[in-house]
Amino acid sequence: MRMVVKIAGALLERDEDVQLIARQIAELARAGHEILVVHGGGKTFTATLARMGISSRFVSGLRVTDRETRDAAIMVFAGLLNKKLAGAISLAGQPAVGISASDAACFLAEPMQIEDREGGLGFVGYLTEVNVDFLRSLWREGIVPVASCMGLGADGELYNINADHMAAAAAEFIHADRLIFLTDVAGVLDGEKVLRAVRGTDIEDLIRRNKVSGGMILKLEAAKRALAGGVSEVRIVGGAKPRALLSAASAGRCPGTRVLPVIRPAARAAHGAAQ
Ligand SMILES: Nc1ncnc2c1ncn2[C@@H]1O[C@H](COP(=O)(O)OP(=O)(O)OP(=O)(O)O)[C@@H](O)[C@H]1O
Ligand SMILES: [Mg+2]
């Protein structure tokens with residue numbers, strides 16, 4: 001199976017979590033799955049910016065990324081965190097390489113447009129292309145690609161991409177069978193309860209009723225996009241639990257939340273008739 005595993009930045013903060021996840025990725029790759037790992041790292045990034053005395057402004061929840069901020073993003077995402085994760089998977093017994101947008105031009109980006117002003121957010125972009133041949137060549141050799149959330153622009157600049165959007169778009173571009181979001185909560189929560197399934201059509205309703213907020217809105221929107229783009233299965237699970245990834249990658253019951261596609265009326269009729 002071909003899958004994208006997106007790892008939350010919060011799960012990269014404790015070495016035990018990193019090793020736990022790395023062991024599972026190594027096991028899945030050994031079993032023959034073609035895995036693309038995508039990671040976030042917002043918290044470490046924010047802490048690094050604070051250490052460097054760089055302040056941030058946000059527009060619609062997205063960080064305005066000037067050149068200085070972008071350079072710090074390269075250091076944190078493509079450097080520190082990317083290498084930490086690739087090292088942990090390699091030490092867990094499966095070779096992994098940390099790749100960033102510019103390596104073999106593997107992830108291309110265009111600047112995000114906001115309020116009709118292209119580039120208004122600075123070096124923030126969205127994924128436009130993936131070098132699938134390059135990824136395939138790594139998988140053929142049993143190597144796990146570990147991607148930081150950046151894209152290379154036509155102008156030769158690196159653009160920061162929201163990690164959930166990057167994972168969802170990459171899953172679409174590489175025709176992944178499954179997209180797994182490993183996050184720092186047990187799944188999509190309704191109060192204390194983990195929702196076993198969320199349908200695309202429920203997402204707006206959950207947002208309107210303030211049941212989901214912040215990063216979870218972006219994640220659900222990204223999940224919906226991946227499903228619409230042909231990814232058959234999207235799962236959001238707590239990554240700090242032992243074997244969470246292995247369960248999420250199996251055919252069995254999802255340990256967190258399954259995001260289900262929007263059923264179009266015709267498909268719903270056919271679905272009903274089959275039961
Ligand atoms: N209904 C909800 N269920 C679960 N989490 C929710 C909900 N509403 C808001 N959240 C918040 O969303 C967070 C997950 O999104 P967040 O962007 O922080 O992490 P991530 O996307 O997994 O990792 P990263 O942003 O580092 O890539 C949770 O930690 C929680 O605080
Ligand atoms: Mg997030």
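Me: Is the crossing of α2 and α3 left-handed or right-handed?
Reply: This model is predicted. In it, helix α2 covers residues 42-51, and helix α3 covers residues 67-91. The crossing of α2 and α3 is right-handed.

Me: At what angle do α2 and α3 pack, and which word describes how they lie to each other?
Reply: The axes of α2 and α3 are 10 Å apart, and the angle between the helices is about 130°. An angle over 145 degrees would count as roughly antiparallel, and one of 65 to 115 as roughly perpendicular.

Me: How many residues in the contact of α2 with α3 are nonpolar, polar and charged?
Reply: On the α2 side, the contact is made by Gly42, Thr44, Phe45, Thr48 and Leu49. From α3 come Thr69, Ala72, Ala73, Val76, Phe77, Leu80 and Leu81. By class, these residues divide into no charged, 4 polar and 8 nonpolar.

Me: Why are α1 and α3 oblique to each other?
Reply: Helix α1, residues 15-30, packs against α3 with the axes 8 Å apart. Roughly parallel requires an angle under 35 degrees, and roughly perpendicular begins at 65. The two helices are therefore oblique, because their angle is about 55°.

Me: Which residues of α3 make the contact with α1, and what classes do the residues of this contact fall into?
Reply: The crossing of α1 and α3 is right-handed. Asp15, Val18, Ala22, Ile25 and Ala26 of α1 meet Lys84, Leu85, Ala88 and Ile89 of α3. The residues of this contact divide into no polar, 2 charged and 7 nonpolar.

Me: How do α5 and α7 lie to each other?
Reply: Helix α5 spans residues 163-173 and helix α7 residues 215-228, with their axes 9 Å apart. Their angle is about 10°. Since an angle under 35 degrees counts as such, α5 and α7 are roughly parallel.

Me: How many residues of the contact of α5 with α7 are charged?
Reply: From α5 the contact takes Asp164, His165, Ala168, Ala169 and Glu172. From α7 it takes Gly215, Leu218, Lys219, Ala222, Arg225 and Ala226. Together they divide into 5 nonpolar, 2 polar and, as charged residues, 4.

Me: How far is an oxygen atom of ligand 1 from an N or O atom in the side chain of Lys6?
Reply: Ligand 1 has 18 residues around it, and Lys6, Thr183, Asp184, Lys211 and Lys219 come nearest. A nitrogen atom of the ligand lies 3.1 Å from a backbone N or O atom of Ser213, and an oxygen atom is 3.4 Å from an N or O atom in the side chain of Asp164. For the side chain of Lys6, the distance from an N or O atom to an oxygen atom of ligand 1 is 2.4 Å.

Notes:
Residues are numbered from 1 along each chain as its sequence is written. Chains are lettered from A and ligands numbered from 1 in the order in which they are written. This is a predicted model: local features need pLDDT of at least 70, side-chain atom pairs count only at pLDDT 80 or more; totals for chains, interfaces and linings use all residues. Side-chain values use heavy atoms; hydrogens and water are left out. Axes are lines fitted to C-alpha atoms, for helices over the stretch in contact, and angles run from 0 to 180 degrees between N-to-C directions. Helices (H or I, at least four residues) and strands (E, at least two) are DSSP runs, numbered from the N terminus. A crossing is left-handed if the near helix is turned anticlockwise from the far one by less than a right angle, and right-handed if clockwise. Contact means heavy atoms within 4.5 Å. Ala, Val, Leu, Ile, Met, Phe, Trp, Tyr, Cys and Pro count as nonpolar, Asp, Glu, Lys and Arg as charged, and the others, Gly among them, as polar. A residue is near a molecule or strand if one of its heavy atoms lies within 4 Å of it. A polar contact is a pair of N or O atoms within 3.5 Å; within protein, one must be able to donate a hydrogen and the other to accept it, and residues adjacent in sequence count only if both atoms are side-chain atoms.
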